[in-house]
Structure formats: C-alpha cells, structure tokens
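Thanks for coming, everyone. I'll walk you through one structure today, so please have a look at it first.

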Amino acid sequence: MKILIVDDSKAMRMIVSRTLKQTDIGNFTVIEAGSGVEALEKLESESPDLILSDWNMPEMKGIELLQKVREAGNNIRFGFITSESSAETRKQATEAGAAFLVTKPFTADSIQAALEPILS
C-alpha cells in the first residue's frame, strides 16, 4: 500500500510517517508532498492508495486538494490530519468525501482507529 502524506511542514510529514510505523496497519510505503499542487502530481505519477493531508497549507488548502481529487473522478481514500477540529471543519471534510479527520496532536492509536475502518 502506498500512503501519500501531504503537509507543508517536512517535520510534520516525518512525524506522521513515524507514527504510521507505530500502528498495526501492515506494510506500506510513504510518499510525501509539500503542497496540494505537488500532491496532485504525485497522485498522477505514484498512484497512492491513501492520502493523509493537512488542512491548512499555502497555495492550496487540504479541502481544495480533496475537492480537486474528487472533481477529477478519483475516489482514493482520503483523510485529514490537522489542527482544525471544529464541527464545521468536520462537516465540510465529510461532505467533500473525506473518510476521517484526525486532530493534532495525534497518537498511533488515534491514527490506527481512523484507518482501520477504511483499510479493512
């Protein structure tokens, strides 16, 4: 399985990657993108199975990335790992087609709990 982690912070991408390795989700390869634009390019070239995206990024917000992915007809599994936790943000994410939203700070358990239903 290929997981595309999208965050403008390289440190956060590393933390998400390290946390994924602490879960029991099985074998996976991590691909990283530092922006929504780069994520769209990686989606095309790498064909990931899952996208984990930050919400707040310069140039293109995570929700805009999700909307572009869905507009292109791609139903890839997509979740947010973000500091945004309002009910409105969750509603917007769900309505756009996100499978889950995990709020920062997160743990291996919270990420695993979000991923298990969509990976089983």
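**The aromatic cluster and the sheet**

Let's start with two phenylalanines: F78 and F80 are both buried. Keep in mind that this is a predicted model.

How do the rings of F78 and F80 meet? Their centres sit 5.2 Å apart, and the planes make 65°. An angle over 60 degrees counts as edge-to-face, so this pair is edge-to-face.

Now bring in a tryptophan. How many aromatic pairs are there by this rule? The count is two. W55 and F80 make a tilted pair, with 4.7 Å from centre to centre and 55° between the planes. Where do the two partners sit in the chain? W55 lies in the loop between β3 and α3 (62–71). F80 belongs to strand β4. Put together, W55, F78 and F80 form one aromatic cluster.

Next, the sheet. In general, strands of a sheet pair through backbone hydrogen bonds, either parallel or antiparallel. Which is it here, parallel or antiparallel? The pairing is parallel. The sheet is open, has five strands, and runs in the order β2-β1-β3-β4-β5. Which strands are at the edges? Those are β2 (29–33) and β5 (100–103), each pairing on one side only. From one strand to the next, the twist averages 20°.

Two helices pack on this sheet. Helix α2, residues 36–46, touches β1, β2 and β3. The direction of α2 makes about 140° with that of β2. Helix α5, residues 108–119, touches β3, β4 (77–82) and β5. The direction of α5 makes about 170° with that of β5.

Let me finish on β1, residues 2–6. Is β1 enclosed or open to the outside? Four of its five residues are buried, so β1 is largely enclosed by the rest of the structure.

Look at its neighbours. Towards β3 (residues 50–53), β1 has four bridges, and the two strands run parallel. There, I5 stands opposite L52. Towards β2, β1 has five bridges, again with the strands parallel. V6 has A33 in β2 as its bridge partner.

Conventions
Residues numbered from 1 in each chain as written. Predicted model: local features only at pLDDT ≥ 70, side-chain atom pairs only at ≥ 80, totals over all residues. Heavy atoms only, no water. Pairing = 2+ DSSP bridges. Axes fitted to C-alpha atoms, helices over the stretch in contact; angles between N-to-C directions. Contact = heavy atoms within 4.5 Å. Phe/Tyr/Trp six-rings, centres within 6.5 Å; stacked < 30°, edge-to-face > 60°. Buried < 20%, exposed > 50% of the residue type's maximum accessible area, 1.4 Å probe, protein only.
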